[in-house]
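Subject: Handover of a structure and the findings from it

Dear colleague,

I am writing to hand over a structure to you, together with an account of what was found in it. Please look at the sequence and the structure below before reading on.

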Amino acid sequence: MNVARLEKTKKAAWIVWGLYAAIMILYTTAIKFGSHLWFGRPISIDGPYQFGLLVADYAPPILLMIVPLMFWKAANLAEKYEVKE
């Protein structure tokens, strides 16, 4: 297993996740609050249920942080247990 290639893959996984998270957070914000921001209306959350729905919309990019963390752990384990000649 090529450890140097895993290091590049680890960095690429963080970059791809960062782009995904930024795009999804901006997209969710635009969909949920775009008209309020555009027309200058106050943003209101009318209770715990609406807040829960809002949190559920923002959760996937944060929860998917596990993917680059798995790449990071795989690279560290490969480096630690690499067979040396």
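The findings are set out below, from the overall fold to individual residues.

Please note at the outset that this is a predicted model.

Overall form

The chain contains 3 helices and 0 strands, and the order of its elements from the N terminus is α-α-α. Its radius of gyration is 19 Å, well over the 12 Å that the globule rule gives for 85 residues, so the chain is more spread out than a compact globule. The C-alpha trace spans about 65 × 25 × 10 Å along the principal axes.

Of the 85 residues in the chain, 15% are buried. The accessible surface amounts to about 6,900 Å², and carbon and sulfur atoms account for 71% of that surface. Among the contacts with a separation of 6 or more, 78% are between residues 24 or more positions apart.

Salt bridges

Side chains of opposite charge can pair when their charged atoms come close. In this chain the count comes to 2 salt bridges.

Glu-7 is partly exposed, with 22% relative accessibility.

Lys-10 lies in helix H1, which covers residues 3-39. Beyond the residues up to four places away in sequence, Lys-10 touches Phe-71, Trp-72, Ala-75 and Asn-76.

Ala-75, one of the residues that Lys-10 touches, is located in helix H3. Ala-75 has a relative accessible area of 0% and is buried. With neighbours within four places in sequence left aside, Ala-75 is in contact with Leu-6, Glu-7 and Lys-10.

Thr-28 and Met-24

Two further residues of helix H1 deserve a note: Thr-28 and Met-24. Thr-28 is buried, its relative accessible area being 8%. Not counting residues up to four places away in sequence, Thr-28 touches Asp-57 and Tyr-58.

Met-24 is partly exposed, with a relative accessible area of 28%. How far apart in space are Met-24 and Tyr-58, which are 34 residues apart in sequence? From C-alpha to C-alpha, the distance between Met-24 and Tyr-58 is 8.0 Å. Met-24 and Ala-75, in turn, are 51 residues apart in sequence, and 27 Å separates their C-alpha atoms.

Which residues make the nonpolar surface patch of about 520 Å²? The patch is formed by Tyr-20, Leu-64, Ile-66, Val-67, Met-70 and Phe-71. Helix H3, which covers residues 66-80, supplies the largest share, 4 residues. Val-67, one of the patch residues, is in helix H3 and is partly exposed at 35% relative accessible area. Phe-71, another patch residue, is among the residues that Lys-10 touches.

With kind regards

Notes:
Residues are numbered from 1 along each chain as its sequence is written. This is a predicted model: local features need pLDDT of at least 70, side-chain atom pairs count only at pLDDT 80 or more; totals for chains, interfaces and linings use all residues. Side-chain values use heavy atoms; hydrogens and water are left out. Patches are made of residues with over 30% relative accessible area and no salt bridge: like charges are joined within 9 Å, nonpolar side chains (Val, Leu, Ile, Met, Phe, Trp, Tyr) within 5 Å. Accessible areas come from the Shrake-Rupley method with a 1.4 Å probe; for residues, only the protein chains shown count as cover. A salt bridge is a side-chain nitrogen of Lys or Arg within 4 Å of a carboxyl oxygen of Asp or Glu. Helices (H or I, at least four residues) and strands (E, at least two) are DSSP runs, numbered from the N terminus. Buried means under 20% relative accessible area, exposed over 50%, partly exposed in between (1.4 Å probe, protein chains only). Contact means heavy atoms within 4.5 Å. The radius of gyration is taken over C-alpha atoms; the globule rule is 2.2 Å times the number of residues to the power 0.38.
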